[in-house]
2 protein chains.
Amino acid sequence: MITSKDNQQLKTIRKLLQKRRDGLFVAEGEDLVDAAAANGWEPEILLRAGEDVEPDLLPSSLGSGTRVVGVYRERWSQPGGELSVYLHAVHDPGNVGTIIRSAHALADGPVILGPDCADPYGPKAVRASMGSIFARPPGRADFEALGGTTIALDRAARSPLSALEAQPPEVVCLGAERTGLPSALLRAATLTAHIPMRADGPDSINVGMAAAIALYERRNRITARA
Amino acid sequence: MITSKDNQQLKTIRKLLQKRRDGLFVAEGEDLVDAAAANGWEPEILLRAGEDVEPDLLPSSLGSGTRVVGVYRERWSQPGGELSVYLHAVHDPGNVGTIIRSAHALADGPVILGPDCADPYGPKAVRASMGSIFARPPGRADFEALGGTTIALDRAARSPLSALEAQPPEVVCLGAERTGLPSALLRAATLTAHIPMRADGPDSINVGMAAAIALYERRNRITARA
């Protein structure tokens, strides 16, 4: 039982919660640690309050009440699958984590992170993934390295997402909510499409919502074809 | 120019950021205050940093840097529209706000809040709505008071959402992510349906994602019929 806050493992966790390094990250809480175990991830450190460490000493970004904290080594997937997602400059870690979760539910391929995306292994993104990050580690790649049919979401695109005839594998490409995808990427994509929205509605929707809708729609098309 | 933190308007704003009352709420930042004005909402209080108040004195839940804060009187819509949403026990204000935004983009009716939902006029929900709360104020009603075809989302339901033949007006009904809708509500709903997800995926998806997908799908069906 760890009884000193100067313990080396506690120091490591505190530092990682401040700033990630050495390819390590922290998962806080039973649900995430269980998801890690269920997907065969061995923790580098695993501390349970009251068993391994005095409860008050367990570091957490969630405040008190966290009962278990694990430290794991990040993993990165290669692009692939019949349906996957590519994100460009999605800065918000909650959005990145939520999209990893939606892709786990709706696609067979990973979420591929292009430049300027939030760290998917930061505490907020890991939490938002609700454990899906352990089932489906994200990948990192430039747009140019993607194979298959790239479908760039763009509200100015002519075709609605549902009308696209695309050859799988399909990669749905999304940018940040306000700025969207850079024009060079829109030109380089195999296809562009928009999500139909009401004329009296907002100019855009949250990138997590757009990703969920796009994955749902393209999954239905791929399933109907199979 | 307000130069004392004891000013009555500043006190009111600080109190409202702590706890809402008297039907008033706070909108922080240019985007929200602009959305309020664009939708014809008159502020009860409107303070701009450097114009109406010393910048350091402007209260904010966002930390320093907020340049404008408005106080408004809440409004509530009646249930209605060809397509709308009913939420039951969705506790997270971020989800409530995001769903208000998605409904603004995809549906003509309001988001109706049943029991135990987060306050849609709390600071976090207002921010998550990105101003859509001013364009489409939510409503409050019990499930029993809803008219039209109620479609309860339930992952155990037999029919996928896309296969439903429903008579408009349609009301998509969602519960919290883990618990879902109460069984009495599922029995009372006109129709139940699920969002098809991968067998090797998570047990559920975020309620905001589910709402976006459901609104997208039902909007497409209603549009195709028209």
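The model is predicted, so please keep its thresholds in mind: local features need pLDDT of at least 70, side-chain atom pairs count only at pLDDT 80 or more, and totals for chains, interfaces and linings use all residues. Residues are numbered from 1 along each chain as its sequence is written, while chains are lettered from A and ligands numbered from 1 in the order in which they are written.

**How the two chains relate**

**The interface between chains A and B**

- In the interface, 22 residues of chain A are in contact with 22 residues of chain B; a contact requires C-beta atoms, placed from the backbone, to lie within 7 Å.
- On the chain A side, α3 (93–106) and α7 (207–225) are the elements that give two or more residues; helices are DSSP runs of H or I with at least four residues, strands are E runs of at least two, and both are numbered from the N terminus.
- That side of chain A comprises 11 nonpolar, nine polar and two charged residues. Here Ala, Val, Leu, Ile, Met, Phe, Trp, Tyr, Cys and Pro count as nonpolar, Asp, Glu, Lys and Arg as charged, and the others, Gly among them, as polar.

- The axes of α7(A) and α7(B) come within 9 Å and cross at roughly 55°. Axes are lines fitted to C-alpha atoms, for helices over the stretch in contact, with angles from 0 to 180 degrees between N-to-C directions.
- The pair is therefore oblique: angles under 35 degrees count as roughly parallel, over 145 as roughly antiparallel, 65 to 115 as roughly perpendicular and the rest as oblique.
- Gly208, Met209, Ala212, Ile213 and Tyr216 of both α7(A) and α7(B) make this contact.
- The contact residues of the two helices are eight nonpolar, two polar and no charged.

**α3 against α7 within chain A**

- The axes of α3(A) and α7(A) come within 9 Å and cross at roughly 15°, which makes the two helices roughly parallel.
- From α3(A), the residues Asn95(A), Thr98(A), Ile99(A), Ser102(A), Ala103(A) and Leu106(A) meet Val207(A), Gly208(A), Ala211(A), Ala212(A), Leu215(A), Tyr216(A) and Arg219(A) of α7(A).
- This contact divides into eight nonpolar, four polar and one charged residue.

**Domains of chain A**

- Chain A is divided into domain 1 (8–73) and domain 2 (83–225), with bounds from an automatic or database domain assignment.
- The C-alpha centres of the two domains lie 30 Å apart, and their contact takes 13 residues from domain 1 and eight from domain 2.
- On the domain 1 side, β1 (24–28) and α2 (30–38) each supply at least two residues.
- That side of domain 1 has eight nonpolar, two polar and three charged residues.

**Backbone details**

- A cis peptide bond with omega of about 0° joins Pro168(A) and Pro169(A), and Pro169(A) lies in the loop between β7 (149–153) and β8 (170–175).
- In chain B, the peptide bond from Pro168(B) to Pro169(B) is cis, with omega near 0°.
- Ala89(A) is not a glycine, yet has a positive phi of about 55°; Ala89(A) sits in the loop between β4 (83–88) and α3 of chain A.

Note on methods. Contact = placed C-beta atoms within 7 Å.
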